[in-house]
Amino acid sequence: MLILPSNDTAPSEITPRDLFDNRRRFLQAAGLTLAAGAAAWIGAVPSARAATKLGPLARSPLSTDEAQTPFKSVTTYNNYYEFGTEKEDPAENAGKLQVRPWTVRVEGLVGKPRTFDIDDLIKLAPLEERIYRLRCVEAWSMVIPWLGFPLSALLKQVEPQGSAKYVQFVSHYDPKIMLRRPVLDWPYTEGLRLDEAMHPLTLLTLGLYGEVLPNQNGAPVRVIVPWKYGFKSAKSIVAIRLVEKEPPTAWNKAAPSEYGFYSNVNPQVDHPRWSQASERRIGEFRKRPTPMFNGYAEQVASLYQGMDLRRNF
Amino acid sequence: MNFRTPTATQIAAIKAVLFALCLIPLALYIQRGLDDALGANPIETITRASGEWTLRFLLITLAVTPLRRFSGLNWLLRLRRMLGLFTFFYACLHATTYFWLDQFFDLHGIAKDILKRPFITVGFSALVLLVPLAVTSSNAMIRRLGGRRWQSLHRSVYAIGVLAVIHYWWLVKADILKPAIYAVLLAVLLGMRGWWRELERRRQLAAAAPPSPPRGKVIPLVVKAPRQT
């Protein structure tokens with residue numbers, strides 16, 4: 001398949017968050033140093049986040065150059081129902097999640113099933129920064145600089161068998177620290193068709209804004225499928241299963257008439273209870289129209305050729 | 001102060017305090033707005049908050065009659081109009097956030113939403129039904145309509161309560177805990193009225209035969225009913 005980069009230019013002008021923070025710290029430190037009359041040699045203070053930074057990062061032509069949603073919004077306005085169903089709940093409660101040690105089992109119809117330790121997984125392929133639009137099924141959106149590598153790099157390692165047609169993702173569930181009410185059928189599960197999972201846009205995601213994923217964003221590893229509604233992008237993954245039949249998915253089980261297996265962003269197919277024609281970009285006042293496949297039609301429309309997207313919503 | 005029978009001045013003071021209390025939710029959200037503390041999606045925050053406060057005021061208003069019956073403090077009834085009007089006030093704020101901040105007065109979009117989206121249909125109906133109640137809330141209107149007609153009109157608030165809870169229930173994606181709590185509270189408030197009605201019916205039947213039953217429904221406004229066991 002021919003993958004064309006979108007018309008967006010590389011985001012070379014964006015100041016990385018860590019650089020930005022370091023400058024601030026440098027200035028603060030410099031002020032303190034002067035006040036103390038100490039030697040002027042002392043430069044930047046080591047970053048408190050040094051241990052959590054990821055890198056080096058390759059730029060990706062698949063990134064958008066749209067204005068990024070502030071880090072604070074990205075990390076305080078979350079749908080991560082295991083940690084509470086209000087937007088601010090995950091930021092408050094996800095701190096309880098232990099992200100080390102962590103393993104991801106890749107199993108099912110594969111030649112080489114394997115359990116990856118998270119620290120090996122991070123080194124499996126070169127990390128890229130991918131600045132993607134994220135469109136929630138609730139008609140809001142963000143632009144987020146994710147860090148990761150194509151999921152296909154992982155799937156190729158385990159050698160999917162010919163009979164594997166779908167990929168199922170299973171999220172971590174621990175009733176001791178997570179919601180016990182059966183709002184959804186825990187653990188959270190999601191799924192993609194194998195060709196969707198192998199698509200270069202589908203990102204195995206380990207970080208955002210230059211850092212490891214904050215817990216509320218699905219640490220330590222999640223998937224990002226930018227042309228689908230956000231709930232398709234499973235968080236805190238513990239197992240990836242290659243299967244023959246379309247796997248059950250959490251939201252589809254909860255309300256099959258509202259959340260289809262595909263759930264591609266589609267402004268022409270409304271959610272039964274609200275319109276999907278437009279969205280509110282977080283931080284913006286007025287709504288903006290929602291583009292087909294969340295603006296990734298050029299790259300992904302061919303996956304669905306001949307399909308009735310109204311029926312396969 | 002005599003809690004059973006406060007003086008007119010005392011009632012006026014109580015009303016003034018209540019008025020200020022009812023404005024606290026609005027004041028808090030204005031303060032949060034000025035502090036830039038409405039979260040990542042301020043429009044959603046205020047839409048949700050105004051909607052939830054409408055529902056709360058509606059339930060508080062519906063709680064006046066049971067409170068009066070249980071406590072015997074008949075003057076509580078004199079606070080009900082203000083609470084009802086604050087329900088309408090927060091409903092208007094809620095509707096304004098939708099018409100303005102969500103739809104930007106796009107009449108076509110609003111009309112489509114009202115027709116196509118059941119939760120908006122139901123919410124909009126509740127708002128429309130509140131208007132005649134607000135309009136007829138003055139003493140002059142009560143006199144013009146006559147007590148009984150006024151009362152039957154204002155009973156539509158029970159239906160409005162049901163519509164408001166459905167509106168909330170149909171809005172949430174999966175976690176129905178909060179709408180379910182409001183549904184239970186509303187069911188209790190309406191259920192008590194149904195129960196009292198039934199008791200009253202039985203009492204009238206029992207006392208019926210001689211000589212002639214009172215015309216219409218007996219509304220114990222002043223006389224404290226003997227406690228039923």
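Visitor: How many bridges join strand β6 (residues 166-171) of chain A to β11(A), and do the two run parallel or antiparallel?

Guide: This is a predicted model, in which local features need pLDDT of at least 70 and side-chain atom pairs count only at pLDDT 80 or more, while totals for chains, interfaces and linings use all residues. Residues are numbered from 1 along each chain as its sequence is written, with chains lettered from A and ligands numbered from 1 in the order in which they are written.

Six bridges join β6(A) to β11(A), and the two strands run antiparallel. Two strands pair if DSSP finds at least two bridges between them; strands (E, at least two residues) and helices (H or I, at least four) are DSSP runs numbered from the N terminus. Strand β11(A) covers residues 237-243 and is also joined to β2(A), residues 103-108, by four bridges, this time in parallel. Ile240(A) in β11(A) stands opposite Phe169(A) and also opposite Val106(A).

Contact here means that the C-beta atoms, placed from the backbone, lie within 7 Å. Val223(A) and Ile237(A) have the most contacts inside the largest nonpolar core, which has 69 residues. Such a core is a set of buried Ala, Val, Leu, Ile, Met, Phe, Trp, Tyr and Cys residues joined through C-beta atoms within 7 Å. Buried residues have 20 or more other C-beta atoms within 10 Å of their own; 12 or fewer makes a residue exposed, and values in between make it partly exposed. Strand β5(A), residues 140-150, supplies the largest share of this core, with six residues. A second, separate core has 22 residues, among them Trp53(B), Tyr90(B), Val122(B) and Ala164(B).

Strand β5(A) is joined by two bridges to the parallel strand β12(A), residues 278-281, where Arg281(A) is the bridge partner of Ser141(A). On to β13(A), residues 288-289, there are two bridges from β12(A) in an antiparallel arrangement, with Ser278(A) opposite Pro289(A). These two strands form a hairpin with six residues between them, and Gly283(A) in the turn has a positive phi of about 100 degrees.

The wider setting is as follows. Chain A has eight helices and 13 strands, and 43% of its 313 residues count as buried. Chain B has nine helices and zero strands, and buried residues make up 17% of its 229 residues. Eleven residues of chain B are in contact with 16 residues of chain A. On the chain B side, these divide into seven nonpolar, two polar and two charged; Ala, Val, Leu, Ile, Met, Phe, Trp, Tyr, Cys and Pro count as nonpolar, Asp, Glu, Lys and Arg as charged, and the others, Gly among them, as polar.

As to confidence, the predictor gives the complex an ipTM of 0.81 and a pTM of 0.83. The mean pLDDT (the predictor's confidence in each residue, from 0 to 100) of chain B is 91, and 90% of its residues reach 70 or more.

Methods
Two residues are in contact if their C-beta atoms, placed from the backbone, lie within 7 Å.
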